[in-house]
Amino acid sequence: MLAGGVGGSKFTLGVRSALARRGAPEATVVVNTGDDLWLSGVRLQPDVDSIVYALAGASDTVRGWGRAGDTERVNQELQAWGAGWPWFTLGDLDLGTHLARTGWLREGLTPTQVIERMSQRWPLGARLLPMTDAEVDTRVVLEDGSDLHFQEWWTRHRAALAPARFENPGISSAAPAPGVVEAIADADVVLVAPSNPVVSIGPILAVPGIGPALQATSARVVGVSPIIGGRVVRGMADVCLAAIGVETSAAAVAAHYGSRGSRGLLDAWLVAEEDAALAPAVSALGIDAVVAPLWMTDAEASASIVDAALGAAGL
Ligand code: GDP
Ligand code: CA
């Protein structure tokens, strides 16, 4: 599967349960690393960590990000020094993760190797791969040509500065992380999580080699709409979609991804019951439309969505 952070982690929990029930092998999750950043000397990988924490049962499900039961003592000290970003809270336990990761990176491990090592602490029940080992942090370019890191735009400005476009400097010369192309080629099915199409799935598809691998695989590629009833369920993905000229609708996102038959991404697309009326528009794109409940209220609900996606792949 291809995944971002919050939507990606809720969906990954469903994938893990659905596959375990079927006695199927663990999934490989190719995770967006466009959200990554350097802050106060440490490397953050927000989407990777969201998925690791969720699979480990260690995430703060009430707040929606970070570790359960975290404290902010180090963060207060960083603020007292005037270090880091005052509007970007780093929890103490979370900082432990970032310190461990940064230490391993400094010792020469690749991001892929760091994630492999991090995956050994808890039985995650899935194999996580970064989309690339290269640093291709997402920048938001504004109308006046100035640019800022995606995290600053998202967290500090709450996506309120009108974006002209999103860029991942260096991505055109980045390579897929080891194992990514092989996982896609060997897959029984490729699932596209209901993640932000622009800044979570977009960067994954922009890594040279991943698009062609998705075109070439004999597996069916099945996506799940992150838009329900014309609205983003959570977050500000609508602002990202508007910036690239895509309407906030399940059918418009399907059209943006395109059908695999016409050099796009999807063989099938799950739309929410609320969007059943859009199914013919999706079918007209050459993409199989499947109507299902798409609220990921808990792991069981997510597993039912995964069952519907696997069904769309004939599995
Ligand atoms: P981020 O990296 O934390 O922004 O998370 P993702 O990119 O993985 O996912 C964010 C997207 O998940 C949001 O834009 C929502 O549209 C979508 N999302 C969140 N909860 C649900 C849900 O319960 N059902 C569906 N279908 N989509 C959801
Ligand atoms: Ca993210």
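This is a predicted model: local features need pLDDT of at least 70, side-chain atom pairs count only at pLDDT 80 or more; totals for chains, interfaces and linings use all residues.
Trainee: Where does ligand 1 sit?

Mentor: Happy to start there. The test is whether more than half of the atoms of a molecule lie within 2 Å of the grid points of a pocket. Ligand 1 sits in the largest pocket.

Trainee: Which element gives the largest share of the lining of the largest pocket?

Mentor: Several elements supply at least two residues each, among them α1, α4 (92-106), α6 (150-156) and α8 (197-206). Strand β11 (227-228) belongs to that group as well. The largest share is 5 residues, and it comes from α2.

Trainee: How many residues of the lining are charged?

Mentor: Good one to check by class. The lining of the largest pocket holds 23 nonpolar and 17 polar residues. The charged residues in this lining number 7.

Trainee: And which helix gives the most to the shell around ligand 1?

Mentor: The shell counts 20 residues, with S195, N196, S200, P226 and L294 coming nearest. By class it has 9 nonpolar, 8 polar and 3 charged residues. With 4 residues, the helix that gives the most is α1 (residues 6-22).

Trainee: Which residue has a polar side-chain atom 2.6 Å from an oxygen atom of ligand 1?

Mentor: Let's go through the polar contacts, for which the cut-off is 3.5 Å. G8 has a polar backbone atom 2.8 Å from an oxygen atom of ligand 1. N196 also places a polar backbone atom 2.8 Å from an oxygen atom of the ligand. The side-chain contact at 2.6 Å belongs to S195.

Trainee: What percentage of the exposed area of ligand 1 does the protein bury?

Mentor: Nice question to finish on. Begin with ligand 1 taken alone, which exposes 590 Å². Of that area, the protein buries 92%.

Terms used: Residues are numbered from 1 along each chain as its sequence is written. Chains are lettered from A and ligands numbered from 1 in the order in which they are written. Side-chain values use heavy atoms; hydrogens and water are left out. A residue is near a molecule or strand if one of its heavy atoms lies within 4 Å of it. A polar contact is a pair of N or O atoms within 3.5 Å; within protein, one must be able to donate a hydrogen and the other to accept it, and residues adjacent in sequence count only if both atoms are side-chain atoms. Accessible areas come from the Shrake-Rupley method with a 1.4 Å probe; for residues, only the protein chains shown count as cover. On a 1 Å grid over the protein atoms alone, a cavity is a set of points where a 1.4 Å probe fits but cannot get out, and a pocket is an open set with protein on both sides within 12 Å along at least five of seven lines; lining residues have an atom within 4 Å of a point. Ala, Val, Leu, Ile, Met, Phe, Trp, Tyr, Cys and Pro count as nonpolar, Asp, Glu, Lys and Arg as charged, and the others, Gly among them, as polar.
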